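I opened a new notebook page for this chain.

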Amino acid sequence: MNIKEKVPMIVYDNQCYLCVKFAKMIEFLTRGNLVMIGHYSEFGIKLRKTILGESALEMFWLIDEKTAYGGRAALLPLLRAIITTKGGNSNKIKVNEKCEHECKTVKAVFIRSASLFSNSKKIDL
């Protein structure tokens, strides 16, 4: 799988309402210049199997030419990408209306926010 032509990209939980809102915010801030991939999309599943591993679902990922940053480790590279990324192939994000998790509650916001700061991973490509 050649991901070099698709980077930089964000991999997010496309079955979680809050995560989709977070991804939409990133897409807006980057003016659509990052590729947005859902964890449960066909390409997202391939990424998990080949690069990210089983812990991939615990956090969002930013993947560039050299490194895959997950969770807390992705925050600074994401800020850099928001400021500097030019070009790219964005795809439209669709909210999964069949979200079976209680993603819209206050408790879910705190749990997802806590997981963002408690999970961190860096993978060299």
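**Strands**

Before I look at any pair, I write down the rule: two strands pair if DSSP finds at least two bridges between them. The elements themselves are DSSP runs, numbered from the N terminus: helices are H or I with at least four residues, strands are E with at least two.

A note on the source: this is a predicted model, where local features need pLDDT of at least 70, side-chain atom pairs count only at pLDDT 80 or more, and totals for chains, interfaces and linings use all residues. Residues are numbered from 1 along each chain as its sequence is written, and side-chain values use heavy atoms, with hydrogens and water left out.

I counted four helices and five strands in the chain. From the N terminus, I read their order as β-α-β-α-β-β-α-α-β.

How do β1 and β2 pair, parallel or antiparallel? Strand β1 (residues 9–12) runs parallel to β2, and four bridges join them. In this pairing, Met-9 stands opposite Val-35 of β2. I then followed the chain from β1 through helix α1 (residues 17–29) to β2, and this β-α-β crossover is right-handed. That term means that, with the strands pointing away from the viewer, the path from the first strand over the helix to the second runs clockwise.

β1 has another partner in my notes. It pairs with β3 in the antiparallel sense, over three bridges. There, Ile-10 stands opposite Leu-62 of β3.

Next I checked cover. I call a residue buried under 20% relative accessible area, exposed over 50%, and partly exposed in between (1.4 Å probe, protein chains only). In a regular strand the side chains alternate between the two faces of the sheet. In β1, Met-9 and Val-11 point one way, Ile-10 and Tyr-12 point the other way, and all are buried. Strand β2 (residues 35–38) is also covered on both faces. Val-35 and Ile-37 are buried on one side, Met-36 and Gly-38 on the other.

**Helices**

Which residues of α2 are buried? In α2 (residues 42–52) I found Phe-43, Gly-44, Leu-47, Arg-48 and Leu-52. Seen down the helix axis, these fall within an arc of 145°, so they line one face of α2. The arc is taken from the directions from the helix axis to the C-beta atoms. The face turned away carries exposed Glu-42, Lys-49 and Thr-50.

I use contact for heavy atoms within 4.5 Å. The buried residues of α2 pack against β1, β2, β3 (61–63), β4 (67–71) and β5 (120–124). Just after α2, Gly-53 has a positive phi of about 85°.

In α3 (75–84), the buried residues are Pro-77, Leu-78, Ala-81 and Ile-82. Down the axis of α3 they fall within an arc of 145°, so they line one face. Leu-76 and Ile-83 are exposed on the other side of α3. The buried residues of α3 pack against β1, α1, β3 and β4.

**Cores**

A nonpolar core is a set of buried Ala, Val, Leu, Ile, Met, Phe, Trp, Tyr and Cys residues joined through side-chain atoms within 4.5 Å. The largest one here has 15 residues. Those with the most contacts inside it are Ile-10, Tyr-12, Ile-26, Leu-34, Met-36, Phe-60 and Leu-78. β1, α1 and α3 each supply at least two residues of this core. I picked out Ile-26: leaving out residues up to four places away in sequence, it touches Ile-10, Leu-34, Met-36 and Leu-78. Apart from this core lies another, of 13 residues, including Val-35, Leu-47, Ala-56 and Met-59.

**Single residues**

Is Gly-38 buried or exposed? Gly-38 has a relative accessible area of 7%, so it counts as buried. Beyond neighbours within four places in sequence, Gly-38 is in contact with Tyr-12, Asn-14 and Gly-44. Gly-38 and Asp-13 are 25 residues apart in sequence but 5.6 Å apart C-alpha to C-alpha.

Lys-104 lies in the loop between α3 and α4 (106–118). Its relative accessibility is 64%, so Lys-104 counts as exposed.

**Whole chain**

Last, I noted that buried residues make up 44% of the 125 residues.
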